[in-house]
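Please have the sequence and the model open side by side.

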Amino acid sequence: MSVLVKICGLSTEATLDAALAAGADLVGLVHFPKSPRHVDLDRARALAERARGRAERVVLLVDPDDALLAAVVERVAPDVIQLHGHETPARVAAIRARFGRPVMKALGIATAADLAGLPAYAAVADRLLLDAKPPADADRPGGNGLAFDWSLIERAELAPGTMLSGGLTPESVAEALARTRLRAVDVSSGVETSPGIKCPDRIAAFIRAARGG
């Protein structure tokens, strides 16, 4: 089975096109003002339309209320909603039911204790994304370029389709996949030259490395 690759935090036509040309399965658009990768809804709509039919379009939101979710669904029409905040399993289920879109739930991992909540989320989300838990003083829940200890999940029973994230790079993704045995990965800062600035060459290198090219 080929490795599923998501390139997140895209904000320009050139880097979106680079991700699509390199074979990304999912492209992520971040709507969260504290992120250096933030795009407003008009920009997200234009990029999502450009990617229509070429990859799954994912919009990343952090603890969104129903008004924001309604605006995103109406204006951007994403294929997937990614929740990257403190949403509870009940909130995830409610969003999925109300807005009729598949939901990907990101969860921060730092210790073995953080794995205890995964089954409850797996029961209501279409896909789990395991990310490094942010530092206590961080002002955003992801995209911090940090990896967690992969040994925590090497023997864990994870839901099918679980996606690995957190500090992955073209240089480290092959090892991460080999150690965790997962078949889906997400990258953002690891293919950038500076926060929010994607590098087409690193995007292509990441996808090649993830698929053993």
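Two strands are said to pair if DSSP finds at least two bridges between them. Helices (H or I, at least four residues) and strands (E, at least two) are DSSP runs, numbered from the N terminus. This is a predicted model, in which local features need pLDDT of at least 70 and side-chain atom pairs count only at pLDDT 80 or more, while totals for chains, interfaces and linings use all residues. Residues are numbered from 1 along each chain as its sequence is written, and side-chain values use heavy atoms, with hydrogens and water left out.

Begin with the strands. β2 pairs with β3 in the parallel sense, over five bridges. Within this pairing, G28 has V58 of β3 as its bridge partner. β3 covers residues 56-61, and five of its six residues are buried; buried means under 20% relative accessible area, exposed over 50%, and partly exposed in between (1.4 Å probe, protein chains only). Together, β2, α2 and β3 form a β-α-β unit that is right-handed. A crossover is right-handed if, with the strands pointing away from the viewer, the path from the first strand over the helix to the second runs clockwise.

On to the next strand. β3 is joined by four bridges to β4 (residues 80-83), and the two run parallel. Here V58 stands opposite V80 of β4. The chain gets from β3 to β4 through helix α3 (residues 66-75), in a β-α-β crossover that is right-handed.

β4 also pairs with β5, in the parallel sense and over three bridges, and L83 stands opposite K105 of β5. In β5 (residues 103-109), six of the seven residues are buried. Six bridges then connect β5 with β6 (residues 127-132), the strands running parallel; A106 is placed opposite L129 of β6.

Now the helices that link these strands. Two packed helices are described by the angle between their axes and the distance between the axes. For α2 and α3, the axes come within 9 Å and cross at roughly 35°; axes are lines fitted to C-alpha atoms, for helices over the stretch in contact, and angles run from 0 to 180 degrees between N-to-C directions. The crossing of α2 and α3 is right-handed, a term used when the near helix is turned clockwise from the far one by less than a right angle, with anticlockwise giving left-handed. L41, D42 and R45 of α2 meet A71, V72 and R75 of α3 in this contact, where contact means heavy atoms within 4.5 Å. The residues involved are three nonpolar, no polar and three charged. In this count Ala, Val, Leu, Ile, Met, Phe, Trp, Tyr, Cys and Pro are nonpolar, Asp, Glu, Lys and Arg are charged, and the others, Gly among them, are polar.

Which residues of α3 are buried? They are L69, A71, V72 and V73, and they pack against α2, β3, β4 and α4. From the side of α4, I95 counts as buried because its relative accessibility is 1%. I95 touches L69, L83, G100 and V103, leaving out residues up to four places away in sequence. I95 and L69 are 26 residues apart along the chain, and their C-alpha atoms are separated by 8.3 Å.

Helix α1 (residues 13-22) has T15, L16, A18, A19 and L20 as buried residues. Their cover includes β1 (4-7), β2 (26-30), α2 (41-51), β10 (197-198) and α7 (200-210). A22, also in α1, is partly exposed, because its relative accessible area is 26%. Setting aside neighbours within four places in sequence, A22 is in contact with A204, I207 and R211. A22 and A204 are 182 residues apart in sequence, with a C-alpha to C-alpha distance of 5.2 Å. After α1 comes G23, with a positive phi near 100°.

A77, in the loop between α3 and β4, has a phi of about 50° although it is not a glycine; A77 is partly exposed, at 23% relative accessible area. R181, in the loop between α6 (173-180) and β8 (184-187), has a positive phi of about 65° and is not a glycine either. With a relative accessible area of 55%, R181 is exposed.
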